[in-house]
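This report covers helix packing, sheets and the chain contact of one model. The sequence and structure come first.

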2 protein chains.
Amino acid sequence: MSKTQLHAGQAAPTVSADALKRFATDVFARAGMPKADAAVVAEVLVWANLRGVDTHGVTRIPRYVDLIETGEMNPRPAMAVRTETAASVLIEADRAAGPVAMTRATAEALRKARDAGVGLALVRATTHTAALGYYTFAAAREGMAAIALAASLPNVVYHGTRAAGVSTSPISIAVPGREPLVLDMATSVVSMGKLNQAKRTGERIPEGWALDKDGNPTTDPRAAQIPLPMAGPKGSGLSLMIECITSLIASNPLLAESLEGTPEGRRHRQNGFVMAIDLAQFGDPENFRREVDRLVKALKSLPVDRDAGEILMPGERGRRTFESRSRDGIPIPRAVYDELQALANRLGVAMFPSLSR
Amino acid sequence: MSKTQLHAGQAAPTVSADALKRFATDVFARAGMPKADAAVVAEVLVWANLRGVDTHGVTRIPRYVDLIETGEMNPRPAMAVRTETAASVLIEADRAAGPVAMTRATAEALRKARDAGVGLALVRATTHTAALGYYTFAAAREGMAAIALAASLPNVVYHGTRAAGVSTSPISIAVPGREPLVLDMATSVVSMGKLNQAKRTGERIPEGWALDKDGNPTTDPRAAQIPLPMAGPKGSGLSLMIECITSLIASNPLLAESLEGTPEGRRHRQNGFVMAIDLAQFGDPENFRREVDRLVKALKSLPVDRDAGEILMPGERGRRTFESRSRDGIPIPRAVYDELQALANRLGVAMFPSLSR
């Protein structure tokens with residue numbers, strides 16, 4: 001029996017969130033992070049798995065360790081506030097792990113919003129920000145409305161060109177309700193994660209998803225290289241403006257450096273933007289939550305589109321997955337499990353126990 | 001010769017921006033606005049014409065006068081700051097004309113941004129906000145990055161339903177450069193203006209643009225009633241979140257009131273959001289402009305998509321139209337001209353002179 005057949009016959013291991021967090025914390029601590037920072041990164045990655053955003057979960061652990069080992073991610077960054085105004089901070093992240101820098105930024109945005117009604121934290125020179133929804137969700141739990149943006153290297157077509165000119169630049173917006181509404185979306189028509197999934201299954205991708213390496217449209221998932229922007233000029237326009245209001249305000253241009261092929265442009269780098277609005281300073285926060293719930297109810301009362309099956313609110317599917325996975329555990333695909341096992345062996349870290357095999 | 005044939009044989013009148021502004025100012029003053037407010041509305045509408053956004057230009061004048069005459073738009077509003085924090089204001093607009101309320105909001109956002117680094121102005125209970133790009137462009141001219149949002153009544157499909165649940169909720173983002181970059185986009189796949197244009201020409205619309213009145217997909221422009229959201233759940237999710245962070249923070253819900261069919265929900269109402277970031281407080285503003293220009297140059301150097309024809313930046317087409325129309329005048333379609341002529345006669349206002357007929 002080949003290794004593939006053996007694996008195909010095995011169910012994906014299922015793991016509790018706590019066990020997975022302990023494992024991820026151990027790995028990042030072993031890779032050089034202070035224990036508290038390692039726990040923050042573990043928390044953000046496992047949250048993504050709990051919400052069903054597996055592309056931004058523990059599958060990223062080996063890549064993060066790579067980034068540390070190649071010097072792109074700084075496990076012991078000297079993060080510092082570079083600029084501070086009454087309503088904002090600009091944080092120099094010193095190539096910190098994204099979750100460490102963005103968690104700090106979220107705390108600063110909340111603090112500024114409590115002082116000034118609205119608070120903005122810009123993050124300069126971080127690494128992969130992970131699931132942006134984590135930060136806006138955290139702000140919503142504190143009674144705030146929040147907007148988070150991330151700027152990254154060019155990997156999405158700029159409309160009108162046949163090449164990568166902008167990034168997937170996600171946008172997340174969250175507000176409190178009985179359950180928070182949490183929108184978290186890429187500005188590309190399809191995420192890199194979905195494209196990679198199609199590559200693995202070999203299933204044809206729809207027209208309008210991606211170009212091949214030569215800049216020609218393709219429906220062959222193996223040839224697909226560069227996702228197209230969402231809604232053409234709208235998606236790439238949003239992504240361009242996100243680079244401007246995030247990277248350029250933070251004096252850390254990503255797109256131009258990379259497009260010009262400078263040495264700095266070849267490094268893994270991201271910038272972040274977290275804005276919070278303190279609802280209590282504009283009205284009764286309880287009333288705000290009631291109005292969110294009222295709007296949800298009104299939208300759910302509309303006639304359903306049979307093709308879509310049901311009427312979902314931003315973040316609703318993630319909340320359901322969170323509930324089931326918190327209860328039943330997180331399924332880890334065999335290939336990811338094997339990669340984590342190999343990493344655990346190499347670093348001398350104990351592998352997480354599975355609830356099932 | 002029938003009237004239609006007569007008109008078909010005539011070129012559209014062309015008018016200077018100044019003449020059009022004087023005319024619009026006279027109309028709104030006659031309809032009850034203080035002269036200064038009338039001039040602000042005229043300025044914003046004619047700017048849209050100059051930029052080529054004719055759907056948001058003087059074609060709106062008769063509708064605005066209707067709104068005044070039916071009591072929906074208040075020509076002499078008692079606008080007031082309802083809430084003020086170090087970095088924000090919430091303005092009660094008292095059903096002011098959108099341009100009057102949004103121009104005030106932009107000034108307040110700039111003032112707060114100068115004080116606090118970032119400034120947010122929320123506008124409660126205004127009317128049609130007109131072209132959002134006007135306000136962000138004005139902020140960019142003052143050395144600010146700006147984001148503007150508008151919330152309105154449901155006229156766009158909420159993804160997963162077959163009915164209007166959210167609005168076209170535009171987003172505008174602008175930053176300074178040699179020329180400002182100005183993104184101004186609806187969150188629907190197509191604007192109401194484009195849909196109405198197809199209705200007039202009778203040309204088939206692409207699949208995925210709109211549903212008919214029964215909630216079924218259609219390519220017949222005359223049957224098309226409800227535009228679909230841009231990129232499915234992304235567009236309608238953005239629109240929903242814009243309602244939350246604009247209308248619900250301002251305690252003036254629009255979507256739920258309308259979906260529930262309350263008396264208030266049947267009135268014409270909008271809310272607005274203008275945020276400004278003072279670039280000078282985060283770095284050298286000259287360097288920021290240079291970086292914007294550098295990024296534009298890098299994107300324009302990418303291989304062009306022959307189908308698109310050329311690589312455009314957000315707002316670039318509008319800037320070109322602005323230049324040519326500032327020089328050569330604004331063409332006014334015959335039907336719009338006739339409607340404005342009838343309004344002028346009714347109100348006893350002198351019609352604007354044409355540069356040509």
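## Helices α2 and α3 of chain A

In this predicted model, the axes of helix α2 (residues 17-30) and helix α3 (residues 35-50) of chain A come within 8 Å and cross at roughly 140 degrees. Axes are lines fitted to C-alpha atoms, for helices over the stretch in contact, and angles run from 0 to 180 degrees between N-to-C directions. Helices (H or I, at least four residues) and strands (E, at least two) are DSSP runs, numbered from the N terminus. α2(A) and α3(A) are therefore oblique to each other; angles under 35 degrees count as roughly parallel, over 145 as roughly antiparallel, 65 to 115 as roughly perpendicular and the rest as oblique. The crossing of α2(A) and α3(A) is right-handed, a crossing being left-handed if the near helix is turned anticlockwise from the far one by less than a right angle, and right-handed if clockwise.

On the α2(A) side, the contact is made by A:Ala17, A:Leu20, A:Lys21, A:Ala24, A:Thr25, A:Phe28 and A:Ala29. The residues from α3(A) include A:Lys35, A:Ala38, A:Val41, A:Glu43 and A:Leu50. Residues are in contact if their C-beta atoms, placed from the backbone, lie within 7 Å. By class, the contact of α2(A) with α3(A) has 12 nonpolar, 2 polar and 3 charged residues. Ala, Val, Leu, Ile, Met, Phe, Trp, Tyr, Cys and Pro count as nonpolar, Asp, Glu, Lys and Arg as charged, and the others, Gly among them, as polar.

## The seven-strand sheet of chain B

In chain B, 7 strands form an open sheet with mixed pairing, in the order β2-β3-β4-β13-β5-β8-β9. Strands pair if DSSP finds at least two bridges between them. The edge strands of this sheet are β2 (80-85) and β9 (181-185) of chain B, each pairing on one side only. Direction ignored, neighbouring strands are turned by 10 degrees against each other on average.

β2(B) and strand β3 (residues 88-92) of chain B run antiparallel and are joined by 5 bridges; B:Thr85 has B:Ser88 of β3(B) as its bridge partner. Helix α5 (residues 98-116) of chain B packs on the sheet, touching β3, β4 (118-126), β5 (144-151) and β13 (270-278) of chain B, and its direction makes about 160 degrees with that of β4(B). Helix α8 (residues 233-248) of chain B also packs on the sheet, where it touches β4, β5 and β13 of chain B; the direction of α8(B) makes about 95 degrees with that of β5(B).

## How the chains meet

Chain A is superposed on chain B by a rotation of 180 degrees with 0.0 Å of shift along its axis (RMSD 0.0 Å). That is the relation of a two-fold axis. Copies are superposed by least squares on the C-alpha atoms of residues with pLDDT of at least 70 in both.

The contact takes 65 residues from chain A and 65 residues from chain B. Helix α8 (residues 233-248) of chain A gives the most to the side of chain A that touches chain B, with 9 residues. By class, that side has 43 nonpolar, 13 polar and 9 charged residues. Of the interface residues of chain A, 100% are also interface residues in chain B, so the copies meet through the same surface.

## Numbering and confidence

Residues are numbered from 1 along each chain as its sequence is written, and chains are lettered from A and ligands numbered from 1 in the order in which they are written. Local features need pLDDT of at least 70, side-chain atom pairs count only at pLDDT 80 or more, and totals for chains, interfaces and linings use all residues.

How values were computed: Two residues are in contact if their C-beta atoms, placed from the backbone, lie within 7 Å.
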